[in-house]
Amino acid sequence: MTAHTIVSTDWLDQNLGSPGLRVLDASWYLPATGRDAWREYLTAHIPGAVFFDLDVLSDHQTSLPHTLPPPEQFARAVGALGIGDSHQVVVYDGSGANVSAGRAWWMFRVYGHPEVAVLDGGFKKWCAEGRAVEPDAITPLPVSFTPRFDPAMVRSLSDLLENLADPGTQVVDARSSGRFQGVEPEPRPGLRPGHIPGSRNVPYTSLVRPDGTLLPPEELRIRFTEAGVDLTLPIVTTCGSGVTACDLLLALDVLGHRYHTLYDGSWSEWGGHPDTPVARGPG
């Protein structure tokens, strides 16, 4: 039953109830959307799914949103969700564009759990196909989870500043083109408009079909190459707070690209720092 990167709604429907499978609703939305992920989960979710709260599963020792929690915090939280070292994990969200499911997928990968996949099309496609849902919260039996941190999957502000001086890695931004160019306001106060100098722009919303499923590999490849990204070279992804940038990592994984990582602080850190350079325009 081992699955990596993405699984179809058919696959999940056929495997629901398997003792080695754990399903997570990792929905998260910006306040401006007016959506409450927890309340939506309580109203309806995939049978057996537990709620993966990105705000809880973040580092609470920093003012930056959604940065990676310490290993012991992550292990404690996912163990409480009933996820152990041997479980196959499938994550989804309700956005229809993988707003946050990719972030949960990446976090498990960072902490050494490769048996994790994103539900292709998410909850929106699941419901559109008339598949079973259930209300109310699931309270699983806690188990033990062993974190095995992979530092190669995370980049820091200092790493990105060093890359400006000697660019050995491409930086690809998942925000909208308007935010990237600095002509749309940032949803978080106090952030300058624009992007990291030298970065490229591949909006995460451009990677999915209308039904929320990922584009086929040949079309994903076109999205990156048309943005000026060389898929033979290393890539660091970024976005507003390190969430939707993980959708780029998901797509790169589908393409077989193996040298990609995440700038976890993303624009919340770079755009709010007084001394970082900022570029505007199309890049």
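Before looking at sheets, I noted the rule for pairing: two strands pair if DSSP finds at least two bridges between them. Helices (H or I, at least four residues) and strands (E, at least two) are DSSP runs, numbered from the N terminus. This is a predicted model, where local features need pLDDT of at least 70 and side-chain atom pairs count only at pLDDT 80 or more, while totals for chains, interfaces and linings use all residues. Residues are numbered from 1 along each chain as its sequence is written, and side-chain values use heavy atoms, with hydrogens and water left out.

**Entry 1: the sheet with β4 and β5**

I looked up β4 and β5 and found them paired in the parallel sense over three bridges. Val-90 stands opposite Ala-117 in β5. On checking β1 against β5, I again found a parallel pair, joined by three bridges. Thr-5 stands opposite Ala-117 too.

I then traced the whole sheet: it is open, has five strands with parallel pairing, and runs in the order β1-β5-β4-β2-β3. Which strands stand at its edges? They are β1 (5–7) and β3 (50–51), each with a single partner strand, so one side of each has no neighbour in the sheet. Strand β2 (residues 21–25) pairs with β3 over two bridges, in the parallel sense. There I found Asp-25 with Phe-51 as its bridge partner in β3.

**Entry 2: the other sheet**

I found another open sheet of five strands, ordered β6-β10-β9-β7-β8 and paired in parallel. Its edges are β6 (154–155) and β8 (200–201); each has a single partner strand, so one side of each is left without a neighbour in the sheet. I followed β9 (residues 235–238) to β10 (residues 260–263) and counted three bridges between these parallel strands. His-260 in β10 is the bridge partner of Ile-235.

**Entry 3: the cores**

Next I wanted the nonpolar cores, meaning sets of buried Ala, Val, Leu, Ile, Met, Phe, Trp, Tyr and Cys residues joined through side-chain atoms within 4.5 Å. Buried means under 20% relative accessible area, exposed over 50%, and partly exposed in between (1.4 Å probe, protein chains only).

Which members of the largest core touch the most others? Of its 55 residues, they are Leu-24, Phe-52, Phe-74, Trp-106, Phe-108 and Phe-224. Elements that each supply at least two residues of this core include α3 (71–80), β4 (88–92), α4 (101–110) and α8 (217–226). Another core of 14 residues lies apart from it, with Leu-12, Ala-49, Leu-119 and Trp-126 among its members.

I listed the contacts (heavy atoms within 4.5 Å) of Leu-24. Not counting residues up to four places away in sequence, Leu-24 touches Val-50, Phe-52, Ile-83, Val-90 and Phe-108, among others.

**Entry 4: α4**

How many residues of α4 are buried? Ten of the ten are, so α4 is largely enclosed by the rest of the structure. Among them I noted Arg-103, Trp-105, Trp-106 and Arg-109. Just after α4, Gly-112 takes a positive phi of about 75 degrees.

I went to Asn-98, in the loop between β4 and α4. Asn-98 has a phi near 60 degrees, a positive value in a residue other than glycine. Is Asn-98 buried or exposed? Asn-98 is buried, with a relative accessible area of 4%.

Asn-98 also lines the largest cavity, together with Tyr-204, Leu-207, Val-208, Leu-214, Asp-247 and Leu-250. That cavity has a volume of about 30 Å³. For the terms, a cavity is a set of points on a 1 Å grid over the protein atoms alone where a 1.4 Å probe fits but cannot get out, and lining residues have an atom within 4 Å of a point. Grid points are joined across faces, edges and corners, and a volume is the space filled by probe spheres set on the points.

I found Asp-136 in the loop between α5 (122–128) and β6. Asp-136 has a positive phi of about 75 degrees although it is not a glycine, and at 49% relative accessibility it counts as partly exposed.

My last stop was His-257, in the loop between α9 and β10. His-257 is buried, with a relative accessible area of 5%. Leaving aside neighbours within four places in sequence, I saw His-257 in contact with Leu-231, Leu-233, Pro-234, Ile-235 and Leu-252.

Technical notes:
1 Å grid on protein atoms, 1.4 Å probe; cavity = no way out; pocket = protein on both sides within 12 Å on 5 of 7 lines; lining within 4 Å.
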